[in-house]
Amino acid sequence: VTFAARSSEGGGGGRGVLCGTRDLAAGERLARIPVSMCLTLSTCGMPDVAEAIHAKVVEQKLLAGWLCEAASALCVERHLGRASKYFAYIRVLPDCEPNVVSMWSDEERGYLVNTEVEVGLRDELREARREWDCIVEEVFKAHDVKCSFDLFHRARTVVSSRAFQISPTCGIGLAPIADCFNHRTGGHDVNVGDGGGSVSTSENDALAVRIVREGGVKSGKEIFNTYGFLGNARLLNSYGFTQRDNPADVVSLSTTNIRVAAAMVGISGSQIAKRFEWIESTSLISSADASFDINRACTLPDDLMYVVWACVEDDDIFRKVRHTTRRDDAINAILTVAKAMESAHEQQPMMTCSVVKVISSAIERRLSMYATVGDEERGKNERLECAAILIESERQILKGALEKLEKFSVPVSADEGSNKRAKSGDDAFALFD
């Protein structure tokens, strides 16, 4: 293999790994990395620091404690400099991963408003500050480790974008060579230490990088790893890049989006509140702030339709299902009642005119809130290019969902009342004007 500038197919660092002078066959091992050469908190050069950091991570009950621990380990090795056994490795690591969202300026981050990065993922800069203030700073001062929040944050971005599960005992850390492969969601070429003999349990534990693509990799092609089936929001937030036509992209609609949309189309606040009390009590949603993912195929989740139906249908209809107290019973009741209503949509009987209207309103509102990234801006700023790719993908998903909703317009009788379905060719919004 050789190292060269990355291709435009996937994403990752500024360089990638290319297949060299011959084709590589499925099953071939490209590298073997001893676990002893992988950097984790347990292998860092100051065990007393490692023990203190781990104890505080456990005490604080961090959601992603591994990230704080691995970043602390990297900071320790950078502090040790030439005395570190990892000196040759850390010398070639970047100082930071500049394009992860926590490194963006406030102005740049403004372009991510309403995207899944802002809506569904945690603020990593805020988390880094919390880790520093509550855990790392005190431990480092006590052990005379020279570091600052900025240096810790920068190390944390490197770990966020490069860490692997090393082994069940060692946990997550940095693996030389393995972290050179760029990522591609869907159609990757290699796996790193994913079982099947890749990780041994002997004294000579090692990670293996093997070709997993059926048919192998042709000479001259970039060899891609996978960091998981990750959409662009996750990739940008944690790794600092996006991938065009990412099959893992999703857009979520939250219960808040549904409540607001229902109110905007005329459902009373008292009805919305009472219905959501029932929705929560029957576990139709897992929590009050639940969300529903619309995937790349623009498929509307069944749970979204159940919840909206229960929220917006008239009292006479809802009265037939509100006696249920368990999720399965509630879903069966909704389906039974919905199917009994006159409908041309046997597979989606919940899609009444009012349900279509509320979901459409929520999507339209979400679409209206995205920032616009100009061609000149994205051409000069790699971060804004990433933001533009993310926004384009999310807008495409939402527009596709709207197109699917438009197909639920069917003829209805004149006396069907407030639960009538949309007449063929009518816009769903016009029915409630």
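**Cavity, pockets and a helix contact in the predicted model**

In this predicted model, the largest cavity is lined by Leu67, Val100, Ser102, Glu124, His153, Arg156, Thr157, Ser160, Asn237 and Ser238. Two elements, helix H7 (149-162) and helix H8 (232-238), each give two or more residues to this lining, and H7 gives the most, with four residues. Sorted by class, the lining of the largest cavity comprises two nonpolar, six polar and two charged residues. The volume of the largest cavity is about 60 Å³, and the structure holds one cavity of 30 Å³ or more.

The largest pocket has a volume of about 960 Å³ and a lining of 46 residues, among which Ser160, Ser161, Arg162, Ala163 and Tyr239 lie nearest its centre. Two or more residues of this lining come from each of strand E2 (15-18), helix H2 (65-80), helix H3 (87-92), H7, strand E4 (164-167), strand E6 (190-192) and H8. The lining of the largest pocket divides by class into 23 nonpolar, 15 polar and eight charged residues.

Helix H5 (116-120), H8, strand E9 (250-254), strand E10 (291-295) and helix H16 (382-406) each give two or more residues to its lining, with the largest share, three residues, coming from H8. By class, seven nonpolar, five polar and five charged residues make up the lining of the second largest pocket.

A contact between two helices was also described. The axes of helix H11 (residues 302-312) and helix H13 (residues 327-340) come within 11 Å and cross at roughly 70 degrees, which means that H11 is roughly perpendicular to H13. On the H11 side, Asp303, Tyr306, Trp309 and Ala310 take part, and they meet Arg327, Ile331, Ile334, Leu335, Val337 and Ala338 in H13. The residues of this contact divide into eight nonpolar, no polar and two charged.

Confidence was considered along the chain. The mean pLDDT of the protein chain is 88, and 88% of its residues reach 70 or more. Over residues 194-203, however, pLDDT stays under 50, and the model has 13 contacts beyond four places in sequence for this stretch; over residues 411-433 pLDDT likewise stays under 50, with 50 such contacts in the model.

Notes. Residues numbered from 1 in each chain as written. Predicted model: local features only at pLDDT ≥ 70, side-chain atom pairs only at ≥ 80, totals over all residues. Heavy atoms only, no water. 1 Å grid on protein atoms, 1.4 Å probe; cavity = no way out; pocket = protein on both sides within 12 Å on 5 of 7 lines; lining within 4 Å. Points joined across faces, edges and corners; volume = space filled by probe spheres on them. Nonpolar A, V, L, I, M, F, W, Y, C, P; charged D, E, K, R; others polar. pLDDT = per-residue confidence, 0-100. Contact = heavy atoms within 4.5 Å. Axes fitted to C-alpha atoms, helices over the stretch in contact; angles between N-to-C directions. Parallel < 35°, antiparallel > 145°, perpendicular 65-115°, else oblique.
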